[in-house]
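Thanks, everyone. I'll be quick. Please have the model up on your screens.

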Amino acid sequence: MVSGVEFLRNVNLSNKVEVGKRVTVIGGGDVAIDAARSALRIGAKEVSIIYRRSRKEMPANPEEIESAISEGINIEFLTAPVEVLANNNKVISLRCQRMKLGSPDASGRRRPVLIEGSEFEIETDMVIPAIGQASDLSMIGESDGVKISGKKTVAVDPVTLASDKEGIFAGGDCVSGPWIAIEAVAAGKKAAISIDRYLRKEDLRAGREEKIASAKEEDTPLMPKPKAPRQIMSSLPLDSRKAGFAEVELGFTEEEAAKEANRCLNCGICSECMQCVAACKAEAIDHNMSEKTIEINVGSIILSPGFECFDPSADKLAKFGGYTSLISQYGYGKYPNVVTSIEFERILSASGPYKGHLSRPSDLKTPHKIAWIQCVGSRDVTCNSGYCSSVCCMYAIKEAVIAKEHSPEPLDISIMYMDMRSYGKGFDKYYERAKKEHGIHFIKSKAYGIQEIEGTGNLSLRYVTEEGKLHFEEFDMVVLSVGMKPRPAVIEMSKRLGIELDHYNFCKTDSFSPVNTSRPGIYVCGAFQGPKDIPETVMQASGAAAASAAFLSESRGELVKKKEFPPEINITGEPPRIGVFVCHCGINIGGVVNVPGVKEYAASLPDVVYVDENLYTCSQDTQELIKDKIKEYNLNRVIVASCTPRTHEPLFQETLQEQGLNKYLFELANIRDQCSWVHQQHPEEATKKAKDLVRMAVAKVRGLEPLKMISLATVPSALVVGGGIAGMVSSLNLADQGFNVSLVEKAMNLGGMARKIHYTLEGGDVQAYLNELMEKVNNHPLIKVYTKASISESSGYIGNFVTKIQVGPKKEITEIKHGAVIIATGGEEYKTKEYFYKKNSRVLSLLELESEIIKRSKKIKECRNLVMIQCVGSRDDERPYCSRVCCSESIKNAILLKDINPEANIYILYRDIRTYGLKEDFYREAREKGIIFIHYEPDAKPEVVPFKESGKEGLRVSVKDPLLGEQVIIDADLLALAIATTPPSTNKELSQFFKVPLNEDKFFLEAHMKLRPVEFATDGVFMCGLAHAPKLIEESIAQAQAAASRAGMILSRKLVQLPGTISFVNKNKCIGCGECTSVCPFGAVALDEKQHVAVVNDALCKGCGICSASCKSGAINLYGFSNSQVVSMIESL
Amino acid sequence: MEEGKESPWEPKLITFLCNWCSYAGADLAGVSRIQYPANTRTIRVPCSGRVNILYILKALQHGVDGVLVSGCHPGDCHYLSGNFSARRKFAVLSRLLEYIGIEKGRVQFSWVSAAEAGRFAEVITEVTEDVKKLGPAKRLVKNIG
Ligand code: FES
C-alpha cells in the first residue's frame, strides 16, 4: 500500500517501482487517474479505480478519464473502500461498499450515501489511495493569533496574503487546501511582494487589487467565422501505450494545426493570452495595470473626447430602431466587398491589411470599379443623425484620388452623393481636379440598396439619379462614407461634469462662444462640439486653450514644467560619423522610390556609419530609435530622407537635442514632396533622384558645425490688424491674458462685416453680441484702439516687431513695438455685375435682403415670390472657391421671411446646399416649411430678365429643373443673390509688410493647411477670421481665440530664441570694402573703422546670406548654408 | 551622377530655391501631386539673394547642364530685397555667360510664390525642355579624368 503522490514520485524518479498484478486506486482526481495509468505502464495487469460518486462528479480531467477507460482501466463508480484485507502483511483484497447520491453538500456536489448490505470485495495485491490531502497546521494555530478558516486552512487577506497576525503571511495549499502547483508558486510570489512591502513599511495593498472587467456586449467582437468543431488529435494505439510512457497525444499534422488555429475562439474581452505583450516591440502593453482614481486640482477643463464612426452593420442599426434606414439595405457585414471608408483607408495604408496594395477583401483581387456612397449615417433622421458629418465629401474624394493613384490598373470610380460639400479652404479646387484630371464620376443620386452578384463577389448597386431614373450598376467594391457620431460615453461624462448636450448629444455651445460649454471654466473642442474637419478642430483646440488661459490668467506660469535637454556633446575635432534614416512614409515614398535601394546606397557614401529605413520616420518610436542609434554609433551628424524640412525639421532637431547633439548637425533630404509625389509614374528616375538628394545631404552635413542660438527679450504686447469680430475677439482674449494690445482698424468704427448681420442661423442676436464686444474692447485698460488707421511700415522679427501706423485724417504716424502680430483683415462682398445687381431695385444681396427683413419693409411684406440664387461669383473660374456661409445665410433669411410672410413662395436655386455640420437641421426645417430648392449646374445658370406686362412687373427667372427635365419660369418680386466673399485688396500690402504669403485667391496662406491653420511660416505672425478664408461667425471666433492662444504663447515667454544660421566674418580675409554693409537689408553688418573689417550684429542678422553672396573676397559667410557646404553639394553631383 | 546603362541623354539640372517662396511652392506641387520631370536636384537656400554667382559657375564647371534660381516675387522676399539683389547679380552674370559663349537658357531665373504649385511645375518643365534642346553643357566643363 502506497499513497498516490508517493507512488507517482517514485515512478517519476526511477522506473524501478514494483507493482502488483492487480492494482486498485482509490480516488477520483487527476492523481488517481495518473497513478492508475502509470501502474498499467509499469507492469500491472489489471487496474481498477474506485470512486465514491458518479462519473459526473469526478474531478479528474474528462479527457484523462476517457483515456483511462479506453486503456482498459476499470472504474468502479459509487463505490467506497471499507477495509483493506491482508494476509502475511500482503494485501489480498479490498472490501468495498456501493453508494448512492444524496442531497448536495457544502461543495455543491451531491453527498454519497451508503447502501446498506452492498458490501463486496475486490481482489487486489496493491492499493494506492489517492484521496484528498489536508494541511499540516501543527506548527501554527489560533493560539499563535493566526486565524484558521472553516476549511482548516490559514485565513488570509486574498490580496496581500496577510494573516490576522501582523507579520505572518501564508499561501499555497495551507491556504487554499490541495490545489495546483502553479497557484502555489503564484501565492509564493504574492507573499514575497507583501513581505517586501511590509519590511519597507509600505502600503501592502496599493495597486494590487485586481479587477476583472466583465465583458460588455459592444466589446465582444462579432463572430466573423462560422462555428467549427475542434480538430481531433490522433493518439498512440492502445497496445503501444502500455509499453511505456511514450506521449499518447500525437499532435496535429500541419494541416490539422492550421485548421485548428483558424477556429475563432471569440474570446470576447482579453483572455490574457499575453500574445500581444510578446508582439508589441515597443513594450507598450502592461497587463498588470489596474484602474486607479487620481485626483488633480485644476482651474479649468478642456473636453476633447472626439467622436466615433457610424457603424452601418445591420445589428447596430437595429439597436436604435434604424430598421427603416436605407443603410440596412447596403449589406455591410454581409458582403465582404462592402466596406466603410475607414476600412478603405486602412486598405490603402502601407501598414494596413494588404500592405497598401489596392485589393478587395473577398478575393484580394485589384478592384477595377468602385463606388462610394455618401452620407451613410449622416443627414439621415431614421438613424438619429440628422446632421451633416462635414468631412465625408472630402475624405471620399481624397480616398478616390489616392486609390486612382495607387491602382496599378485603370480604375473607374463613382461617388454617389446628395450635395458635394467641399466648402473648406482649397477644397473646391481639389474637387474640380478630381472631376477633370482624375475622371472621377460624381453622380447626384440616392443609393437604395446593394445586392451581391452570386459567385463573383461583385455588387449590384441600385440608385436613383436626380431625374428620378432608377439604375442598376455593377461594381467590384462599394465604400460607405460613414459619418461621425458622438461617443455614447459622453452622456455619462456630461452628467458628471454638469454640462449640457444638444439633441444629438454633441456638446452644446453658443455661436458667440464656440468653445465654452454651459458651465464656466469648462471648454470644448473638436468633434465633440459638432462634426468638423482637422483645421477647424485645431483652431478650436487652440481657441479652447486661449479661453482657459484667459480664465486662469492670474495663475499663469505656475506648475509649468520646462523641457530640459541634456548638455551638448562636444564634437569638435571629431571626424564626421553620419547616420542616414530613409523613410517609407507609409507608401508615400516607398510606393515610388526604392527605399531599401536608397538606404543601401547611402551606406556606401563617405563617413556614413549607420543607415536605416523606417515606415514612418516621424513616429515617436522612430525618434527613440534615432536617439539609440546616435548613442550606439556615436553619430555626430544625422540625415533623414523623408518629407520637407519646412514642416519636419524642428521635430528631428529636437530628437538630436534630446540626445545631446546640437540641432544644427541635422539635414533633411526631401524625397517625398519634391520627389516621390511629383514623379509618381517614374519610379526609376525618382529613386535615382532620391539617391542624389541623399548624396548631396551627406556632402553638406560633413561640413556642418554646431551653432548657437541667440536669446533676446520679448516685447510682451501684440498688434492686431483688423477690428471686425475676429480682431476684437483676439484682442480681448490677449488682453484678458494680461498682454497689451494695439488694435488697428482701417474704418471709422469697429465691427467690420458683422455690422450688417443681425441674426445667426440659430437665432443668436449678432448686433447685441457685437455691441457688447465693442464695449469691452473699447473699455479694456490693456487695449488701445486705433480707428481710421493703416499700417505704413513694419520691421523686426518674432518677439521684437516695430510697426508704424498712420492714424486719422491727418495720417499721423505712430510707432508700435510688439512681440507678435495677428492679421484679422476680414473679407468683403464681391461687387458682382451679374443679374442686374445694383441696376434693378428688385435685386438684392443677401445682406441687403436681411436688412429689409429686419425692417419688415413693404418689399418684404408684399413679396409673393422670392428667388435666391446661390454661388454668385463663387466657385467660378475667377474665384474657384466656395464662400462657405452663403447657403446657411440664404436658408436663415428664407426661414425668417417665411415666418413673417407665410404666403410668400421662396425658391432657392443652388449648385450644392452646403449646410454642413449641425446646420443641416435648418435645411431640413426650410424644406419642411415649404421652401423650394432647385438644383442647377454651372453650365446652365439661371437666367433673369426684368418684365412688365399687363400691369404686372418683376423679374422673370428661368432655370432648368432637373427633376422635371424642363425649364421652369418664376416671376419673382424679389431676387436675392448669395454673393461671394472676397479678400480685401489691402491683403497684398500687408503680406509684404509682414513677409507672409497669400494664396492664389488672395487670402492669407497658412503654414500648414491642416495642422497650423492660424500660423504663418514666419514666426510671430498669425491670422484669423476671413483673412484666412470665408467662414461662419462661430468659426471666426474660434480661430480668433486660436490666434490669440498662439500669440500668447510667444508673449508669455520672457525670451525668444533666434536661429543660429546667421552671417559671420573671417577677419583675415575681409578687405573692408563695405559691400556687405550696403546690401544688408537689416543694417546688421557694419564696418569697424579701426580694424577696417566688417562686423555682424548677431541680433539684427536674419540669415538671408545676401552679404555673403556679394562678398568679393569670400570673407563673410553664412552658418548652416556656407559657401563650402553649398559648393560641396554641387560637387557631389 | 550614378553610373548606369546607356540610356538617352537626360540633362542634369540644379535648382536653387529660396526657403520661403519657391521651396514652399515646390512642396505644394508635391502635396497637390502635380507631376514634373525628375531632372532637377534642389539646393534649398534661405533666399535667392544667398546664391553666389560662383555657385552657378561651379555647377557649370562640374558638368551640370542647367541651373535655375527661383525666389519670391518682387516685393515678397522674406528679407525685403534679397530677390532684387539676386536679380542684379544675374543681370551681370548673363552678360558674362553670353560673353564666354554659354547659351541663353542654360541658366535661368524665376519667381515662384508659395502658392504657385502649378507654376513651379511649369517652370521646371520649361527649363528642362530648354536645356534638353541645348544639349549637354560643354563650355565650362573641367575635364576630369
Ligand atoms: S526669401 Fe525668397 S527670394 Fe528672398
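Start with A:Thr803. Its relative accessibility is 0%, so it counts as buried. Keep in mind throughout that this is a predicted model.

Where does A:Thr803 lie? In strand E29 of chain A, residues 800–807. Its side chain is joined to that of A:His818 by a polar contact of 2.6 Å. A:His818 is also one of the residues that A:Thr803 touches, once residues up to four places away in sequence are set aside. Among the others are A:Leu719, A:Ile791, A:Glu793 and A:Ser794. The list also includes A:Thr814, A:Glu815, A:Ile816 and A:Phe994.

Next, another strand residue. A:Ser958 sits in E38 of chain A, which runs over residues 952–961. Buried or exposed? A:Ser958 is buried, at 13% relative accessibility; the cut-off for buried is under 20%.

Now backbone angles. Two residues to look at.

A:Leu78 is not a glycine, yet its phi is positive, about 50°. You'll find A:Leu78 in the loop that links strand E3 (74–76) to strand E4 (79–87) of chain A. Its relative accessible area is 24%, so A:Leu78 is partly exposed.

A:Arg379 also has a positive phi, near 50°, and is a residue other than glycine. A loop again: this one lies between strand E12 (369–376) and helix H11 (392–406) of chain A. A:Arg379 has 14% relative accessibility, so it counts as buried.

Last stop, between the chains. For two packed helices, the description is the angle between the axes and the distance between them. The crossing of H30(A) past H2(B) is right-handed.

Which residues meet there? From H30(A), they are A:Asn1123, A:Val1126, A:Val1127, A:Ile1130 and A:Glu1131. From H2(B), they are B:Tyr55, B:Lys58 and B:Ala59. By type, the residues of this contact split into five nonpolar, one polar and two charged.

To recap: A:Thr803 is buried and has a polar contact with A:His818. A:Leu78 has positive phi, and A:Arg379 does too. Over to you.

Notes:
Residues numbered from 1 in each chain as written. Chains lettered and ligands numbered in written order. Predicted model: local features only at pLDDT ≥ 70, side-chain atom pairs only at ≥ 80, totals over all residues. Heavy atoms only, no water. Left-handed = near helix turned anticlockwise from the far one by under 90°. Helix = DSSP H or I, 4+ residues; strand = E, 2+ residues; numbered from the N terminus. Contact = heavy atoms within 4.5 Å. Nonpolar A, V, L, I, M, F, W, Y, C, P; charged D, E, K, R; others polar. Buried < 20%, exposed > 50% of the residue type's maximum accessible area, 1.4 Å probe, protein only. Polar contact = N/O pair within 3.5 Å; in protein donor to acceptor, adjacent residues only side chain to side chain.
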